Amino acid sequence: MSAETKEQAGAGLSLRVGGLVCAIQTNHPELSTVLREHYADFICEAAPDFVVEVSLVGGRMAWTPRVSLDFSGRRVRLSSTGCEGVIDLASKRGELRLDRERAAEDVDYFLRVVYAMLAFEAGGWMAHAAGVVRRGRAHLFFGHSGSGKTTVSRLSQGQLVLNDDLVLILPVDEGWQVHGTPFWNPTQVRPGPGSAPLGGIYFLVQDKCVFLEPTTPGLALAELVSNAPVIPEDSRRNTELLARCASLLRDAAVYRLHFLPDDSFWAAIDAGEAEAGV
């Protein structure tokens, strides 16, 4: 191996997300630089819990119409246009091969799958939700694309936004801890590293007035499961996912949050907590 090849093989970085450290090693220093800039707030020097080797190959790889995830026990195969990868939880290693068309975006997607699997292995799960820390507690805002997750994050001036779309939820001795993730794009609110105990859970409803509406446990459970990426695609993990989502609902106040495009929703949340004695 030449000196140049050795230098390229050593290019990489490590990310800490929810206490889970993943090292990314690549044969392309320019990609490492792009990733380092994008994930800057989450980079660490700790020993990794998982290692991902990323290889860039010349030319175009196979075309596939959609992202495909194939589960086999603790092993996951991923394939999509221009990339293919394997996540092996037993060996704590992953491999990703991709062409150069959308290298950084494909690495980002692969890492989301890695962290979804690592979080589940650790007794938690990843959720499509905005997480905002207010008064020392993490409030989760759920909703489909366009429902207002980014809006409520932008309107939460002075609060720590863990992420406006994707958070990790991990178990602790007295409930659940919500952690920020580094997955974002320029149209979103830049996420901040950090975590906080679970506060309230809110399902967003854009409306002409602001109020909290109680919701039934069944509907809330269905909403949570539908907002868990990756894991529901493996039927063998669904029973445990349901149990974890049900536990989350037992540990937090749960509402449908009707809101306007201003920060008045925080007054409604504060009033709801005061009424509940939080």
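Reader: What should I know before I start reading numbers off it?

Author: This is a predicted model, in which local features need pLDDT of at least 70 and side-chain atom pairs count only at pLDDT 80 or more, while totals for chains, interfaces and linings use all residues. Residues are numbered from 1 along each chain as its sequence is written, and side-chain values use heavy atoms, with hydrogens and water left out.

Reader: OK, so how many helices and strands are there?

Author: The protein chain has seven helices and 16 strands, where helices (H or I, at least four residues) and strands (E, at least two) are DSSP runs, numbered from the N terminus.

Reader: And how does its radius of gyration sit against the globule rule?

Author: The radius of gyration, taken over C-alpha atoms, is 20 Å, close to the 19 Å that the globule rule gives for 278 residues, so the chain is as compact as a globular protein of that length. That rule is 2.2 Å times the number of residues to the power 0.38.

Reader: How much of the chain counts as buried?

Author: Of the 278 residues, 51% count as buried, meaning under 20% relative accessible area with a 1.4 Å probe and protein chains only, whereas exposed is over 50% and partly exposed lies in between.

Reader: Switching topic, how many aromatic pairs are there?

Author: The count comes to nine aromatic pairs, where rings of Phe, Tyr and Trp (its six-membered ring) pair if their centres lie within 6.5 Å, and planes under 30 degrees apart count as stacked, over 60 as edge-to-face and the rest as tilted. The rings of Phe 141 and Tyr 202 have centres 5.5 Å apart and planes at 25 degrees, so that pair is stacked.

Reader: Where do Phe 141 and Tyr 202 lie in the chain?

Author: Phe 141 lies in strand β10 (residues 137–142) and Tyr 202 in strand β14 (residues 195–206), so the pair ties together parts that are 61 residues apart in sequence. Phe 141 is buried, with a relative accessible area of 0%, and Tyr 202 is buried as well, at 1%.

Reader: Which residues do ring pairs link into a cluster?

Author: Ring pairs link Phe 141, Tyr 202, Tyr 255, Phe 259, Phe 265 and Trp 266.

Reader: Last one: is Arg 244 buried or exposed, and what does it touch?

Author: Arg 244, placed in helix α6 (residues 238–250), is buried, with a relative accessible area of 11%. Not counting residues up to four places away in sequence, Arg 244 touches Ala 119, Phe 120, Gly 123, Gly 124, Trp 125 and Trp 176, contact meaning heavy atoms within 4.5 Å.
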